[in-house]
Amino acid sequence: LLYLLRLYTNHLMDQPKKQRGGRKRNSKAKAEKDEPKIPRPYTSWLIYFQLEREWILQKKLGVASSIDPEKVFVATDPRYNGPPLPSRYQDLALPSDWWVPGKGDRRKRLHR
């Protein structure tokens, strides 16, 4: 059995690389890695968490928003295709892109 296994592996090693089985390593895989990933949409929980956090900060704790009045979210923004905000959150000063996933390019932390 061991002899047959060695013959088979030697036979595979004699074949050109293109005919061998296994993982394919080509430039297409590298090209796919270079393409930017499309960010996943926010989940319902994350949207709720963002809105509730701002509501607590602005309404309960009285923290003033540091957002320019020109950059405040308006529900009539043509880019916004989500549902209308609940009445509880309509008067919050939110950033104009609070609902856009992947807007902040986060750096991966260094693992040491």
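With which side chain does the side chain of Glu54 make a polar contact? Select Glu54 and Arg53: their side chains make this contact at 3.4 Å, a polar contact being a pair of N or O atoms within 3.5 Å, of which, within protein, one must be able to donate a hydrogen and the other to accept it, with residues adjacent in sequence counted only if both atoms are side-chain atoms.

The model is predicted, so local features need pLDDT of at least 70 and side-chain atom pairs count only at pLDDT 80 or more, whereas totals for chains, interfaces and linings use all residues. Residues are numbered from 1 along each chain as its sequence is written, and side-chain values use heavy atoms, with hydrogens and water left out.

**Stop 1**

Keep Glu54 selected. Its relative accessibility of 19% makes it count as buried (buried is under 20% relative accessible area, exposed over 50%, partly exposed in between, with a 1.4 Å probe and protein chains only). Next, display Lys59, Leu92, Ala93 and Leu94, with which Glu54 is in contact when neighbours within four places in sequence are left aside (contact means heavy atoms within 4.5 Å).

**Stop 2: helix α3**

The 17 residues of α3 reach 23 Å from the first C-alpha to the last, close to the 24 Å expected at 1.5 Å a residue (1.5 Å times one less than the number of residues). Colour Leu51, Glu52, Glu54, Trp55 and Gln58, the buried residues of α3. They lie on the same side of α3, because they cover an arc of only 165° around the axis, taken from the directions from the helix axis to the C-beta atoms. Turn to the other side of α3 to find Trp45 and Lys60 exposed. Just after the helix, select Gly62, which takes a positive phi of about 75°.

**Stop 3: further salt bridges**

The count of salt bridges comes to four. Select Glu52 and Arg88, whose closest N and O atoms are 2.9 Å apart in a salt bridge. Since Glu52 lies in α3 and Arg88 in the segment after α3, the pair ties together parts 36 residues apart in sequence. Glu52 is buried at 12%, whereas Arg88 is partly exposed at 38%. Finally, select Arg79 and Asp77, a salt bridge with closest N and O atoms 3.3 Å apart; Asp77 counts as buried, at 18%.

Key: Helices (H or I, at least four residues) and strands (E, at least two) are DSSP runs, numbered from the N terminus. A salt bridge is a side-chain nitrogen of Lys or Arg within 4 Å of a carboxyl oxygen of Asp or Glu.
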